[in-house]
Amino acid sequence: MARSSDVIVVGGGLVGAAVAYGLAREGASVTILDEGDVAFRASRGNFGLVWVQGKGDGLPDYADWTRRSKDLYQGFADGMLEHNGCDIELKQEGGLSLCLGEDDYSETEASIHRMHNQPGVGENDRRMIGADDVREMVPIIGPEVSGASYSPHDGHVNPLYLLRSLHAAAQQLGARYVSGAKTLSIAKDGDGFRTETEAGIFRSGKLVIAAGIANKWLAPMVGLDIPVRPDRGHILITERMQPVLPTLLVNARQTADGTINFGNSHEEAGYDTSINPAKLAEIAGSIVRYFPILKNVRVVRTWSALRVMAPDGFPIYRESETAPGAFSISCHSGVTLAAAHALDLAPSILNGGFNDRFAAFSPERFHVSPAA
Amino acid sequence: MTRTDLAIIGAGPAGMSAASTAREAGLSVLLIDEQPEPGGQIWRAIERNASTRPEALAFLGPDYADGAARADRFRASGANYWPSSMVWHLDCPEEGDKTLLVAWDGVTRQVQARTVLIATGAMERPVPVPGWTLPGVMTIGAAQTVLKSSGLYPEAPLVLAGSGPLLLLFAAQCHAAGIPVAAVLDTTPSGAMLRGLPYLPKALFGWRSLLKGRRLMRVLAQSGIPVYRQVEGLEALGAERVEHVRFRSGGKAVKLEATTLLLHEGVVPNPQLTRLIGCEHRWDRAQRCFHPVLSDRGETSVPGVFVAGDGGGIGGAIAAENAGRIAALEIAEDFGAVNRPSGDIEIVKARDNRRAQMAVRPLLDAMYPPPAWIGKLDGDVPVCRCEEVSARAVRGAAADGAPGPNQAKAFLRAGMGPCQGRMCGLTVTEILADAHGKEPDAIGYYRIRPPIKPVTVGELAALDGAD
């Protein structure tokens, strides 16, 4: 028998769970349809940054949207605590992107100037700092570090606790979570939608597709073309250590548990989530250059996961024009944008005017013909 | 980069036997092992003990001493041998050679192998009784390892607790070595003989093992070591370390002093490498553990990757040697290195030898059933030692919707520590199965990530093979 709710969210990762939580906060009855225990799950493989600096080069709206999410984050974290969420270890104390050698330094500096020159990029707090100042903030850097770009807006969370907290809070607000419910087909059904899954058929008034890479093949079922592709990243985790990284880095963060996570690699590898030894060696090699003292630290775990990447790297948000009430939500910044997704995007799904509000993030931008 | 026809991981009975057999057939063989000398767990330090500590051979018993000849044969086989080396990743693409990444002396060595034999044996089933994380509580296997490799023995008063052949063997070894044992707590439920009876006729094919078992029981009975039977509700108590053990035996509550408590509830296949490469596994109800699904040839569901020995299902050293031989012969036949008729005869013989060794297993499984209480765990008892996750928290994750151990891992960090889930994997699966009212096969197991054991940043960075 089909079960019905106001909104079905396809996808129980960070994007889907944040939207579901936001919808449930607004009083909607929500069903989250998720795959089983093993799936691509970028949400279990990501790095945990709530990162602002450098984002929006080429799309000022993205810089603003990122900054908005960052500003909403503390209230978002506190709000989940009121609804059975857990402490997500949010820290927003600023972050660094280290440079190795002079060329790296001047390239980073040039990118800051470029973004300053773009009207509307609300990111003026990012600045370059020299090696000596970096050493004050991160005493273990090696002699090759030439400086860094710094932004006071950057921060991080424990991404796994964030996922768990979103699930717990959404469910406490009445959302229903169905696992083992891989979506097979979506169809219009009266003035709503009928979603067929491996766990049965579900009906809803509205439908949000937030299934990561799978939006690529699910969104066409509601008349949307979402050209995302997998972008593989590797992460290395060390054993627990005394605090040695007091400041957050774009490619290294020490968690509350004491482990250090290293990441920030990109690679085209299709849907292959296996480990590329050469990539790990490259990351490990850069760790030794950034922090020679960490050479003998033990790595306890590595993995790769697939970012959900648009051709230009920015989010894609759209309500279907042929099937109004169906929405596709994709981005690679499920952590950074979680607060905006829950507190801002989700209400727009219920209140209308979605495509006007998020016009900058429409997939139409990929379909502009050269002649236009 | 090193290239080889056959890469074998593990220099225990299965690995050494496979290496010797494959070399006789003319294959190039590389055997990689973590220990400094061959022998595996059962024959650990056999060469050193045989040459410098003959007294150890006496109290460790004749089965242990047998290892010396095996090590000699392996050494003479001409196999390329990397001791003190750790395989931390195995990658098996659909086409082409397998890649092994091996940490050795501060660098990572890359191996390209046409076929791989995983002979990494068994590990002890983790026994999460209350207090099991206190210093002074270890496993019998760990204590035996120390005894073999350095002759050191645990501090008295020493209490042994658990069930099964290794408990008996270690008690007998301690007795022979003059190590005082304060008590043996036998957790085997009553009626072991009755449970075993239906399996006895078939088990008679393995009469040698049965006689060994009888002999061990007699040694224990004559040793004067107090034995408590049908022990339940075992707990280790103490502030900084274990000071007492408490349990019920025959309906009575007992508390004993203990400075060392050694636990043992049987062994299970070491799942790390077969899980890492995504082999199909199946839950064995009688042994309460997962086994990799193997063909008659010993091949996993990943083509070109074989498993021999206790890693494929517990059978002991002689069964493992024969399984290693079978796998090596099958691989040699695939390569056309031995002619089929003669190779097939050898395979038939090895299969028969292995079958005789396995004959006793159903009897042992019935007599010494693995603990059913593990799946029922709840409360404060730590399940994941590395990340200090309790049984109650695992049940909480199930209630939050975690369908299996990977979502539970994401919610709780269970299985994310340096042991890579070795110490909690089975327990978490069993608890989730219980919480969801499903079979462990439907719940699954952790996705194992490389490195399967920790490697240093420097070892990762120093990757050879760009040749």
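Across the interface of chain B and chain A, the rule finds two salt bridges, a salt bridge being a side-chain nitrogen of Lys or Arg within 4 Å of a carboxyl oxygen of Asp or Glu. The model is predicted, with local features needing pLDDT of at least 70, side-chain atom pairs counting only at pLDDT 80 or more, and totals for chains, interfaces and linings using all residues. Residues are numbered from 1 along each chain as its sequence is written, chains are lettered from A and ligands numbered from 1 in the order in which they are written, and side-chain values use heavy atoms, with hydrogens and water left out.

One salt bridge joins the side chains of B:R413 and A:D257, at 3.3 Å from N to O. Residue pairs in polar contact across the interface of chain B and chain A number 10, with both residues at pLDDT 80 or more; a polar contact is a pair of N or O atoms within 3.5 Å, where within protein one must be able to donate a hydrogen and the other to accept it, and residues adjacent in sequence count only if both atoms are side-chain atoms. On the side of chain B that touches chain A, β4 (86-91), α16 (405-412), β22 (455-456) and α19 (457-461) of chain B each supply at least two residues, helices (H or I, at least four residues) and strands (E, at least two) being DSSP runs numbered from the N terminus. Of these elements, α16(B) gives the most, with six residues.

The contact, meaning heavy atoms within 4.5 Å, takes 34 residues from chain B and 39 residues from chain A. About 3,200 Å² is buried between chain B and chain A, and carbon and sulfur atoms give 58% of this area; buried area is the accessible area (1.4 Å probe) that two parts lose on being put together, summed over both. In chain B, the residues that lose the most area to chain A are B:F411, B:R413 and B:V457, together 20% of what that side buries.

Strand pairing also links the chains: strand β16 (residues 298-309) of chain A pairs with β22(B) in the antiparallel sense over two bridges, where two strands pair if DSSP finds at least two bridges between them. The table sets out this pairing beside others within chain B.

| Strands | Sense | Bridges | Example of partners |
|---|---|---|---|
| β16(A), β22(B) | antiparallel | two bridges | A:V299 and B:V455 |
| β4(B), β5(B) | antiparallel | five bridges | B:D91 and B:T99 |
| β9(B), β10(B) | parallel | four bridges | B:L160 and B:V184 |

Strand β5 (residues 98-104) of chain B is largely enclosed by the rest of the structure, because six of its seven residues are buried; buried means under 20% relative accessible area, exposed over 50%, and partly exposed in between (1.4 Å probe, protein chains only). The hairpin of β4(B) and β5(B) has six residues between the strands, and B:G96 there takes a positive phi near 85°. In the hairpin that β5(B) forms with β6(B), two residues lie between the strands, and B:D105 in the turn has a positive phi of about 50°.

Elsewhere in chain B, an open sheet of five strands has the order β8-β15-β9-β10-β11, with parallel pairing. Its edges are β8 (137-139) and β11 (227-228) of chain B, each with a single partner strand, so one side of each is left without a neighbour in the sheet.
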